[in-house]
Amino acid sequence: MTSQIRPTTSSPCPLTRTRLRIVGQSGSGLLTVGEIVCKALQNLGFYLCADREYLSLIKGGHSAFTINFGASPVHSLSREADILVAIDKHSLMEYHDSLVPEGIFVHGYERVQGISDILDSMKKKKVNVVSAPARTLATENGGTVQMTNMILLGMTWGVLGFDFSVVGDLVREKFKKKKGILEVAVKCLKAGFESVTDTAPCRLQTPKKKPKTLLLNGNHAIALGAVHAGMRAYIAYPMSPSSTILEYAAHMARDTGIVVKQAEDEITAAQMALGAMFAGTRALVATSGGGYDLMTETVSLAGIIENPLVIVLAQRPGPGTGLPTWTAQGDLNLAIHSSHGEFPRVVIACSDPSDAFTGIQHAFNLAEKYQIPVIFLTEKVIAESNMTVPEFSQKNIPIERGLVEGKKLESLKSSDRYRITKDGVSLRWIPGSSETHYFANGDEHNESGEIDESERTGEMYAKRMRKLETLKKDIPEPEVFSVKENADISFVGWGGSLTVMRDIIEMMKERGVKVNYLHYQYVWPLKTDLLNTFFVHNKNIHLLEGNYEGQLGTKLEGLTGKKFAGKLLKWNGRPFFIEDIQKYIGKALKNF
Amino acid sequence: MDKKTVETLASCADQYMAYETDQVMTWCGGCGNYGIQNALKRALVLEKIKPRDTLMCFDVGCNGNGSDKIDCYTIHGLHGRVLPLAAGAKIANPKLTVIASAGDGATFSEGVSHLVHAIRSDYPVVFLHHDNQNYALTTGQASSTTPVGCHKTATPDGVVTENLNPLAMVLGLSPSFVAQTFSADVDHMTKIFQEALHHKGFSFVQILQSCPTYNRETSDAWYSEHVFDVEKEKHDVEDIWAARKIVENPKKLPLGILYRNPQKKNFLDSVLHRDHLKTTLTEEVRHTDISKFLEKIS
């Protein structure tokens with residue numbers, strides 16, 4: 001594969017992409033190591049994408065922090081690694097196979113007989129093994145066993161061949177409030193670094209230009225986008241992989257004055273957000289599939305009282321508790337079809353931190369302008385993957401609320417609130433802003449919100465449904481990446497699939513294969529004009545989805561009458577790795 | 001009701017009429033809801049709270065059918081969920097007077113967790129618990145407050161499960177305001193609702209509500225014989241143990257303020273980082289500068 005680098009002792013590594021994987025059990029300090037390496041790489045000017053794979057437990061179990069980095073943008077991850085750093089044996093057993101032949105294996109074991117089988121297989125793969133007695137080094141430098149991770153961090157940085165100070169400064173920053181262990185941590189880091197510098201197998205060049213990037217994950221981007229868009233209340237019940245939005249929001253509360261409430265359950269969170277939006281502020285809730293199930297009655301209520309509501313649904317594999325810490329695109333149908341009754345809604349799916357930041361702002365605007373629930377889909381791999389993205393611009397997306405304001409508030413009639421209009425949208429004003437009150441009635445109602453069970457209620461029902469056609473004009477068509485026509489192979493997908501396709505398009509271009517990709521960000525209501533054109537101009541179109549049923553594909557085939565040439569579907573909790581797409585393309589283009 | 005209050009009310013006829021609608025009432029003759037809404041409108045008028053500043057949040061049930069019979073901002077939500085809905089609205093705009101009402105089915109079955117946490121969080125909301133001891137709108141099934149032995153539509157041999165005691169339960173949750181009143185006594189309800197509106201935290205008002213259609217066991221006449229005014233018994237409203245004691249007897253029902261804790265910090269007062277802000281969340285919707293947070297990740 002073109003992305004693969006083969007670090008050797010003899011020559012500097014090429015600058016395409018380096019794939020580093022650090023493995024260790026949960027609780028071993030793996031996350032700290034991974035995050036510091038990411039920040040250090042960003043500080044050196046690298047682009048990177050990093051994800052943590054872990055089990056749903058707090059201590060033990062296998063866990064991996066994978067970082068792909070390079071001097072040009074990196075959006076997705078490889079399944080394989082060029083450099084494997086092992087903090088413990090259990091995780092090594094799980095992940096040693098992912099190291100490529102001639103790769104580098106960094107470890108700190110002192111009783112190597114315990115991993116002799118693995119070392120033998122690595123020898124066959126001509127792996128360059130770099131080791132140091134990590135535990136001894138940690139204790140010699142005044143640390144506990146927990147400090148082994150600082151030894152490994154030092155070794156990793158040494159193996160990459162970068163300047164010590166970059167990582168040294170970050171460790172000082174990290175431990176600055178823990179004076180007792182700061183010096184020990186730095187000593188251990190240095191000891192690890194120096195243990196490998198003489199034999200460092202890899203001297204990576206640092207990028208000549210340092211791009212202006214942000215390093216963050218999708219959940220952080222959602223929290224930032226929402227706060228920027230005027231979200232003043234965040235209410236949630238913790239559920240992986242949405243929980244860190246609650247943490248980011250809580251950490252922003254003091255500076256921004258937002259109210260953050262951890263509610264007693266998801267029903268409460270949704271209801272409080274609905275009430276807060278009704279009273280005229282912007283509120284947000286986030287959850288995962290199971291929590292969203294509980295919110296669905298509230299989504300339905302928002303539908304009939306025509307109240308804005310924005311819910312982030314962070315997908316993980318179900319059903320049931322499923323795989324709590326892994327990724328999926330399995331809840332598209334849930335987002336589109338959840339809740340009793342028929343009512344208009346918008347479903348937006350983000351793909352990376354950049355469009356999570358902008359998308360959530362659009363979500364608020366659409367929810368308010370059209371007085372509807374908006375479900376904002378993300379996935380574990382977006383929610384928790386750290387990625388370098390171009391800097392965010394503020395105030396780029398105006399705040400659109402669709403509220404009656406100023407003098408007009410004085411001439412309202414109660415029946416304006418649910419007036420039967422051509423486009424389905426009626427006037428909305430904030431309670432307390434006008435002498436004219438209205439009834440927001442969860443029972444079917446007339447234009448003033450009074451309970452109405454007559455035959456005429458069908459008109460109110462239809463009025464609400466008409467909003468779907470109106471708002472459809474306001475949302476964008478899907479986007480085509482790479483060439484518009486005559487691709488050797490084309491894909492259609494949504495959500496996080498965009499990141500892997502961005503990288504695949506570039507890689508395949510180098511090999512002379514024309515790949516293009518049609519991406520749906522607005523997954524409901526579905527616009528199909530561009531898709532129809534795409535089918536006219538491309539002959540080999542495949543579906544790409546992280547679920548078993550091909551949920552989007554089934555809908556698109558139904559709407560357009562077109563058929564996909566093939567489907568690449570994945571539902572084992574892992575995201576689409578670069579290798580998955582490469583292998584699929586290889587099979588689909590037989591002579592390739 | 002004393003003469004002065006009657007005179008005040010008489011002079012506020014216009015304000016009272018502002019809360020009236022031209023909707024046809026759909027409650028049964030003799031239903032407690034007539035008196036409750038009447039007393040509520042009186043209390044709002046006497047407290048000089050205008051319809052434009054009032055948000056009534058209704059649960060589903062017979063009381064919810066009053067959602068279009070009081071002319072102010074109203075929201076008629078889902079069964080059991082009225083408390084978080086009301087809390088969300090109040091947090092967004094504390095300038096609104098937010099009143100939530102729900103029945104015994106909603107409060108002590110479907111949404112019992114919301115009650116527990118509304119009391120714990122002390123949201124500044126007035127909560128009117130319409131306890132008519134049955135699910136009336138679904139035609140008279142037993143609720144968790146129906147006494148053992150009562151014959152209801154889905155319990156032809158009589159209720160066998162011990163009923164909950166709403167007041168005993170609420171008093172076990174460190175509330176800040178608990179009162180009980182009675183739907184046939186409009187004057188008493190008016191007074192209690194006014195007190196609840198004065199309270200700065202979560203006001204739990206238990207209304208012993210008659211249901212002439214489905215609850216023949218505890219009629220207005222029955223209640224009249226079994227209630228007593230705690231004020232006349234020199235009850236100490238800040239003594240929670242005294243309150244717990246007087247709510248234990250199912251045949252001797254206390255009316256009045258049973259417990260009040262003026263020291264408890266309500267939810268809004270506990271959000272300390274907003275102490276310096278005079279605006280409401282509703283007034284603060286605009287682009288918020290996030291440069292400070294972006295710097296940390298650049």
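1. Helix 5 (residues 148-160) of chain A lies across strand 1 (18-23), strand 4, strand 5 and strand 6 of chain A, at about 140 degrees to strand 5 of chain A. Contact requires C-beta atoms, placed from the backbone, within 7 Å; angles run from 0 to 180 degrees between N-to-C directions, with axes fitted to C-alpha atoms, for helices over the stretch in contact. Helices (H or I, at least four residues) and strands (E, at least two) are DSSP runs numbered from the N terminus.

2. This is a predicted model: local features need pLDDT of at least 70, side-chain atom pairs count only at pLDDT 80 or more, and totals for chains, interfaces and linings use all residues. Residues are numbered from 1 along each chain as its sequence is written, with chains lettered from A and ligands numbered from 1 in the order in which they are written.

3. In chain A, an open sheet of eight strands has the order 6-5-4-1-3-2-14-7 and mixed pairing (pairing needs at least two DSSP bridges). Strand 6 (128-131) and strand 7 (213-216) of chain A are at the edges with a single partner strand each, so one side of each has no neighbour in the sheet. The twist averages 20 degrees from one strand to the next.

4. Strand 4 (residues 81-86) and strand 5 (residues 99-107) of chain A are parallel, paired over five bridges; A:Val85 has A:Val106 as its bridge partner in strand 5 of chain A.

5. Strand 20 (residues 541-545) and strand 21 (residues 566-569) of chain A run parallel, joined by four bridges. A:Glu545 has A:Leu569 as its bridge partner in strand 21 of chain A.

Notes:
Contact = placed C-beta atoms within 7 Å.
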